[in-house]
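Please open the model in your viewer and keep the selection panel to hand. The stops below go from the whole chain to individual side chains.

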Amino acid sequence: MTPFEAILYGVVQGFTEWLPISSTAHLRILPALLGKPDPGAGFTAVIQLGTMLAVLIFFWRDLGRSGKAWFRSLRGIDKDSDDAKLAWAVFYGSIPIMLIGYALRHQISSPQVRSLNVIGVTLIVMGVVMLFAERYNAKNQKPRAVTVKDGVLIGFWQALSLIPGMSRSGSTISGGLFAGLDRYTAARFSFLLSVPSILAAGIYELYAEREVLFDTNLAGTAIATVVSFGVGYASIALLLQIIQRQGIAIFVAYRILLGVALLAAVAAGKLPAVEPDAPTTARLPHVSPIERA
């Protein structure tokens with residue numbers, strides 16, 4: 001991977017991680033357009049650590065308050081406070097994706113599941129789901145605190161992002177809207193809920209793919225991670241502004257158009273659905289327990 005390619009991957013990862021358009025889809029489409037091999041689930045998971053750091057810095061006050069409230073609630077102090085409920089919502093909401101991701105870890109990272117046909121379909125499907133979520137929640141824009149029940153429900157929605165192209169933020173924001181949260185609160189909780197699973201996936205892949213990432217692609221991985229942090233920080237503010245002012249309709253249109261264009265390109269033979277030398281079996285030697293989309 002050349003430095004230019006690493007920067008390009010970092011920009012795409014940082015810009016698309018928090019927008020509900022699927023960073024995994026774009027990191028799979030980009031090398032196909034460039035005639036390059038799929039960088040893989042390991043590379044994707046590791047450079048997500050850069051965008052996760054952006055969330056930690058952007059929401060450090062929220063995370064700090066919730067973290068303190070969580071530890072206090074363990075001692076039975078202020079366990080019914082909004083900050084404590086938010087912390088427990090993140091805790092319980094992170095369990096579904098970790099359990100399901102580990103159980104399906106081999107299938108999730110297989111070339112067949114990461115195929116452009118699958119991504120094209122999931123881009124369209126989640127776009128339609130987001131449209132229904134927006135319309136369902138159109139009249140409910142009164143802010144309220146996130147509950148543990150909300151966290152569990154949205155946590156199962158987050159598990160949909162295990163399928164490439166579904167999008168973590170698209171899934172969780174849709175789940176929040178269906179749960180009755182206003183758009184800003186749904187987006188904010190989506191960011192906070194992402195921290196445990198991205199951290200777990202990044203650390204796992206950093207260890208599992210250490211030989212490839214460190215011995216042959218250390219510079220590229222490091223560059224992409226740093227770039228994804230800077231761009232990711234900016235994209236958080238961008239998404240919050242768009243969500244508050246316009247909703248998610250613009251992302252719905254983009255997803256559907258991209259999905260249709262991608263399927264058409266594959267059908268016309270312009271892009272290969274699966275890399276020519278991809279293995280035909282679903283099992284890979286190293287896969288993340290929390291493959292993200």
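The tour begins with the overall fold and then turns to selected residues.

This is a predicted model, in which local features need pLDDT of at least 70 and side-chain atom pairs count only at pLDDT 80 or more, while totals for chains, interfaces and linings use all residues. Residues are numbered from 1 along each chain as its sequence is written, and side-chain values use heavy atoms, with hydrogens and water left out.

Of its 293 residues, 54% count as buried (under 20% relative accessible area, with exposed over 50% and partly exposed in between, for a 1.4 Å probe and protein chains only).

Next select aspartate 62 and arginine 65, which both lie in helix α4 (residues 60-74), 3 residues apart. Their side chains form a salt bridge at 2.8 Å, N to O (a side-chain nitrogen of Lys or Arg within 4 Å of a carboxyl oxygen of Asp or Glu). Aspartate 62 is buried at 15% relative accessible area, whereas arginine 65 is partly exposed at 40%.

Arginine 65 lies in helix α4 and aspartate 83 in helix α5 (residues 82-93), so the pair ties together parts 18 residues apart in sequence.

Finally, select glutamate 134 and arginine 183, whose side chains meet in a salt bridge of 3.8 Å, N to O. This pair links helix α8 (residues 116-136) with helix α11 (residues 183-208), and both residues are buried.

Note on methods:
Helix = DSSP H or I, 4+ residues; strand = E, 2+ residues; numbered from the N terminus.
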